[in-house]
Amino acid sequence: MPTPNRIPIQIPPEKPQPLQRHHTARYYAHRVRESLATRVSKTICIVFLSILLVLGIVAFILWLSLRPHRPRFHIHEFSIPGLDQATGFENAQITFNVTARNSNQNIGINYYSMEGMVYYRDQQVGSIHLKDPFYQKPKTTTVLDATLSGATLTVSSRRWEEFLNDRGKGKIGFRLDIKSVVRFKVSTWDFHRHTMHATCDVYVGPNGYILPTSKDKRCPVYFT
Ligand SMILES: *[C@@H]1O[C@H](CO)[C@@H](O)[C@H](O)[C@H]1NC(C)=O
């Protein structure tokens with residue numbers, strides 16, 4: 001007698017077993033050829049990727065060694081003598097000495113003409129032509145020195161009074177801006193031109209000579 005709560009169990013129909021294939025010699029030859037083909041294509045892939053990797057590393061090293069470093073500027077001297085005279089502006093002079101070092105190992109720098117501008121409180125008080133176009137070899141230093149006076153220096157009696165006023169407070173601040181268009185050069189390969197500024201903030205003491213805190217200081221360089 002069947003019980004009412006008996007769960008009917010369905011037995012799934014048996015799956016047909018895959019037919020045992022009859023492997024022929026041709027089948028095995030095909031299999032071998034196939035695996036050989038995948039192995040060859042894998043090897044080609046690996047070789048190709050390795051070549052890409054090596055090329056990438058070479059390019060990276062080249063880029064590192066050819067990447068131009070900006071020249072380094074340092075200010076060594078800056079003076080404006082005669083600050084103890086009330087009428088000193090009549091024959092005022094500013095003298096400075098800055099060095100520009102090309103620290104690159106293999107990269108030369110082509111400088112187009114170079115100008116020096118002196119600012120006092122963001123007002124230009126003088127400007128002078130420093131250099132005609134020149135080429136700076138790798139690992140060399142160029143001295144840039146000049147004296148501004150007369151036509152290249154525009155110091156009025158009022159400005160001189162401001163200098164004297166600052167002098168009374170212990171120091172006078174100037175900014176020397178050296179401007180040039182530069183082009184880096186690796187053997188015969190030229191990079192783009194850039195307009196370069198080196199800005200030296202410098203303080204002179206009551207005697208008109210550069211203060212020790214400003215001497216031999218590095219001048220930041222930026223490109224526009
Ligand atoms: C400018 O400074 C450099 C480095 O200190 C020095 O070798 C050079 O003789 C100086 N030039 C002048 C004219 O003072």
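1. Strands E1 and E2 run antiparallel and share 7 bridges. Two strands count as paired if DSSP finds at least two bridges between them. Strands here are DSSP runs of E with at least two residues, helices are runs of H or I with at least four, and both are numbered from the N terminus.

2. A word on the model before going on. It is a predicted one, so local features need pLDDT of at least 70 and side-chain atom pairs count only at pLDDT 80 or more, while totals for chains, interfaces and linings use all residues. Residues are numbered from 1 along each chain as its sequence is written.

3. E2 also pairs with E6, again antiparallel, through 10 bridges. Within that pairing, Thr95 has Thr147 in E6 as its bridge partner.

4. Buried means 20 or more other C-beta atoms within 10 Å of the residue's own, exposed means 12 or fewer, and partly exposed is in between, with C-beta atoms placed from the backbone. In a regular strand the side chains alternate between the two faces of the sheet.

5. Now the ligand. His76, Glu77, Asn97, Thr99, Val143 and Asp145 are the residues around it, "around" meaning that the C-beta atom, placed from the backbone, lies within 6 Å. Strands E1 (72-79), E2 (93-102) and E6 (140-149) each give two or more residues to this shell. By type, the shell has 1 nonpolar, 3 polar and 2 charged residues. For that count, Ala, Val, Leu, Ile, Met, Phe, Trp, Tyr, Cys and Pro are nonpolar, Asp, Glu, Lys and Arg are charged, and the others, Gly among them, are polar.

6. On to E3, E7 and E8. E3 (residues 108-120) pairs antiparallel with E7 (residues 172-186) over 10 bridges, and Asn110 sits opposite Arg183 of E7. E7 also pairs antiparallel with E8 (residues 189-204), over 14 bridges, where Asp177 has Thr199 as its partner. E7 and E8 make a hairpin with 2 residues between them, and Ser187 in the turn has a positive phi of about 40 degrees.

7. Two other backbone angles deserve a glance. Lys139 is not a glycine, yet its phi is positive, about 60 degrees; Lys139 lies in the loop between E5 (134-136) and E6 and is partly exposed, with 13 other C-beta atoms within 10 Å. Asp216, also not a glycine, has a positive phi of about 60 degrees. Asp216 is in the loop between E8 and E9 (217-219) and is exposed, with 11 other C-beta atoms within 10 Å.

8. Then there's helix H1 (residues 25-66). Its 42 residues should span 62 Å at 1.5 Å a residue, and the end C-alpha atoms are 61 Å apart, which agrees; the expected span is 1.5 Å times one less than the number of residues. The number of buried residues in H1 is 0, so the helix lies largely in the open. An unreviewed UniProt entry lists residues 43-66 as "transmembrane region", though UniProt annotations may be inferred rather than shown by experiment. That span is 100% helix.

9. Finally, the overall layout. The domain assignment, which is automatic or from a database, gives domain 1 (21-67) and domain 2 (72-223). Their centres, taken over C-alpha atoms, are 60 Å apart.
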